[in-house]
Amino acid sequence: MTETPKAPSVLFVCSKNGGKSQLAAGLMKQLAGGSVTVFSAGTKPATSLNPQSVDSLAELGIDITGEHPKAVTDEALAAADVVVVLGTEANLEPREGTRFEFWETDEPSARGIEGMERMRLVRDDIKSRVQALHTELTGI
């Protein structure tokens, strides 16, 4: 009997786990359809999700309303094949034997772009990176 290969796992981390890491996780879950195990967490979790993040994913048919900000744990770090730190606010030291990526995402507010227009640009930047990572991990 042959063993089914283990799905690769990704942990997306940002500071509050209310926006960018939730965007990345939602996008990867939809894209991967179970071919990648997906987690998200924050170094300083907020009390709720960013409503604009939720709405920007809903525009793509992705529902994350059941999610909530979670703290990064040693267990989550140990379970991940790849840890992706989004933005510049989350401070997380790389772990020996685990692949770490640091994505300095687009920040439209630095150009005076706010509200849903800002969130769509952030979402689309993250989406292109998630698609590239998915292709790399699955070959699809």
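This is a predicted model: local features need pLDDT of at least 70, side-chain atom pairs count only at pLDDT 80 or more; totals for chains, interfaces and linings use all residues.
In what pattern do helices and strands follow each other when the protein is read along the sequence? I started my notebook with that one. I found β-α-β-α-α-β-β-α. My tally of the secondary structure came to four helices and four strands.

**Entry: overall form**

I looked up the box filled by the C-alpha atoms, and along the principal axes it is roughly 55 × 30 × 25 Å. Then I checked the radius of gyration. A compact globule with 140 residues would come out near 14 Å, and the protein has 15 Å, so the two agree. I also noted that 44% of the 140 residues count as buried. For contacts with a separation of 6 or more, I found that 70% are between residues 24 or more positions apart.

**Entry: α1 against α4**

Next I picked helix α1, residues 20–32, and helix α4, residues 115–138. Their axes lie 9 Å apart and the packing angle is about 50°. I put the crossing down as right-handed.

Who touches whom? On the α1 side I listed Lys20, Leu23, Ala24, Leu27, Met28, Leu31 and Ala32. On the α4 side I have several residues, among them Met119, Val122, Arg123, Ile126 and His134. Sorted by class, this contact has 11 nonpolar, two polar and three charged residues.

**Entry: α1 against α2**

I then turned to helix α2, residues 51–58, whose axis comes within 10 Å of the α1 axis and crosses it at roughly 20°. Angles under 35 degrees count as roughly parallel, so α1 and α2 get that label. This crossing is right-handed too.

From α1, the contact uses Gln22, Leu23, Gly26 and Leu27. From α2, it uses Ser53, Ser56 and Leu57. My class count here was three nonpolar, four polar and no charged.

**Entry: zooming in on Leu23**

Is Leu23 buried or exposed? Its relative accessible area is 0%, and buried means under 20%, so Leu23 is buried.

Which residues does Leu23 contact, leaving aside its neighbours within four places in sequence? I wrote down Ser53, Ser56, Leu57, Met119, Val122, Arg123 and Ile126. I also looked up one distance: Leu23 and Ser53 are 30 residues apart along the chain, yet 6.4 Å separates their C-alpha atoms.

Technical notes. Residues are numbered from 1 along each chain as its sequence is written. Side-chain values use heavy atoms; hydrogens and water are left out. Axes are lines fitted to C-alpha atoms, for helices over the stretch in contact, and angles run from 0 to 180 degrees between N-to-C directions. Helices (H or I, at least four residues) and strands (E, at least two) are DSSP runs, numbered from the N terminus. A crossing is left-handed if the near helix is turned anticlockwise from the far one by less than a right angle, and right-handed if clockwise. Contact means heavy atoms within 4.5 Å. Ala, Val, Leu, Ile, Met, Phe, Trp, Tyr, Cys and Pro count as nonpolar, Asp, Glu, Lys and Arg as charged, and the others, Gly among them, as polar. The radius of gyration is taken over C-alpha atoms; the globule rule is 2.2 Å times the number of residues to the power 0.38. Buried means under 20% relative accessible area, exposed over 50%, partly exposed in between (1.4 Å probe, protein chains only). Angles under 35 degrees count as roughly parallel, over 145 as roughly antiparallel, 65 to 115 as roughly perpendicular and the rest as oblique.
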